[in-house]
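Hi,

Here is the structure I promised to pass on. My notes on what turned up in it follow below.

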Amino acid sequence: MSKKTKVDPRIKRTNKYLRDALVELLKEKDVTSITIQEITEKAELTRGTFYLHYQDKQDFLMQSMNEVLEELIEKVKPKQNNEDSAAVEENDKSVSFLKLFEFIYDHSDYFKVMLSDRGLPQFRSHMTEIVKKRVYGELISSIGEAEDGLDIPEDILISYITSAHIGVICSWLESDMKFSPAFMADKLTSLTLLGPIRVAGLENKIKLPY
């Protein structure tokens with residue numbers, strides 16, 4: 001990832017106001033029916049201010065989506081220059097999952113509406129790709145290294161893992177996050193490494209459909 005230029009705090013503040021306004025409007029109506037006028041009024045900003053930062057509504061939606069997902073990546077990626085953080089990463093396999101759930105918890109209103117039917121249609125698929133390539137990169141690399149010994153094709157396994165994780169995140173949000181980020185991270189780690197049937201203790205208790 002290329003080195004980022006420092007963003008003026010005033011610009012970041014303006015972008016947040018507009019994004020928060022969008023989230024509030026998405027609680028009431030579909031993204032396609034929301035206008036720039038409604039967004040700026042809800043944010044208590046002028047249309048002129050909006051057009052200083054974005055070309056149109058689609059540009060705003062895409063930039064906002066990318067900003068949030070980039071923040072997520074920054075949150076969960078290993079801090080390689082920090083020895084203490086590196087030690088934690090090595091000793092606790094669920095630390096990236098924990099960071100992921102903590103970030104989503106802190107931005108739950110945004111993720112809840114954007115992953116719903118009212119949100120941006122491509123948000124879920126874009127988030128899935130981000131999670132697959134940037135959040136679970138190490139996991140997927142280790143799968144690739146062991147490809148010769150896999151019993152199923154690598155692409156099917158990766159698709160299963162990432163789709164399942166996004167599904168778990170959506171279900172957690174829909175339940176108003178009744179479990180803590182730490183609980184979710186721990187269970188998702190177990191499900192990923194050991195499989196759902198084994199983790200649930202159902203290996204000898206259910207009949208498979210064949």
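Let me start with a pair of side chains: R19 and E67 meet in a salt bridge, with 3.7 Å from N to O. By salt bridge I mean a side-chain nitrogen of Lys or Arg within 4 Å of a carboxyl oxygen of Asp or Glu. R19 sits in helix α1 (residues 9–26) and E67 in helix α4 (residues 57–76), so this pair ties together parts that are 48 residues apart in sequence. Helices here are DSSP runs of H or I with at least four residues, strands are runs of E with at least two, and both are numbered from the N terminus.

Before going further, a word on the source: this is a predicted model, in which local features need pLDDT of at least 70 and side-chain atom pairs count only at pLDDT 80 or more, while totals for chains, interfaces and linings use all residues. Residues are numbered from 1 along each chain as its sequence is written, and side-chain values use heavy atoms, with hydrogens and water left out.

Is R19 buried or exposed? R19 counts as buried because its relative accessibility is 11%; the cut-offs are under 20% relative accessible area for buried, over 50% for exposed and partly exposed in between, with a 1.4 Å probe and protein chains only. E67 has 24% relative accessibility and therefore counts as partly exposed.

R19 also forms a salt bridge with E71, where the closest N and O atoms are 3.9 Å apart. Since R19 lies in helix α1 and E71 in helix α4, that pair ties together parts that are 52 residues apart in sequence. E71 is partly exposed, at 33% relative accessibility.

Another salt bridge joins D109 to K27, with the closest N and O atoms 3.5 Å apart. D109 belongs to helix α7 and K27 to the loop between α1 and α2 (36–43), so the pair ties together parts that are 82 residues apart in sequence. Both ends are partly exposed: D109 has a relative accessible area of 40%, and K27 is at 38%. As for R19, E67 and E71, salt bridges that share partners join them into one network. A search of the whole structure finds 8 salt bridges.

S108 counts as buried, at 12% relative accessibility. Leaving aside residues up to four places away in sequence, S108 touches L173 and M177, where contact means heavy atoms within 4.5 Å.

There is a nonpolar patch on the surface as well, formed by L191, L193, L194 and V199, with about 330 Å² of accessible area together. Patches are made of residues with over 30% relative accessible area and no salt bridge; like charges are joined within 9 Å and nonpolar side chains (Val, Leu, Ile, Met, Phe, Trp, Tyr) within 5 Å. Helix α11 (residues 181–194) gives the most to this patch, with 3 residues. V199 lies in helix α12 (residues 196–199) and is partly exposed, with a relative accessible area of 35%.

Finally, the overall picture. The protein chain has 12 helices and 0 strands. Of its 210 residues, 34% count as buried. Among contacts with a separation of 6 or more, 62% come from residues 24 or more positions apart. The accessible surface of the chain comes to about 13200 Å², of which 51% belongs to carbon and sulfur atoms; areas come from the Shrake-Rupley method with a 1.4 Å probe, and for residues only the protein chains shown count as cover.

Best wishes
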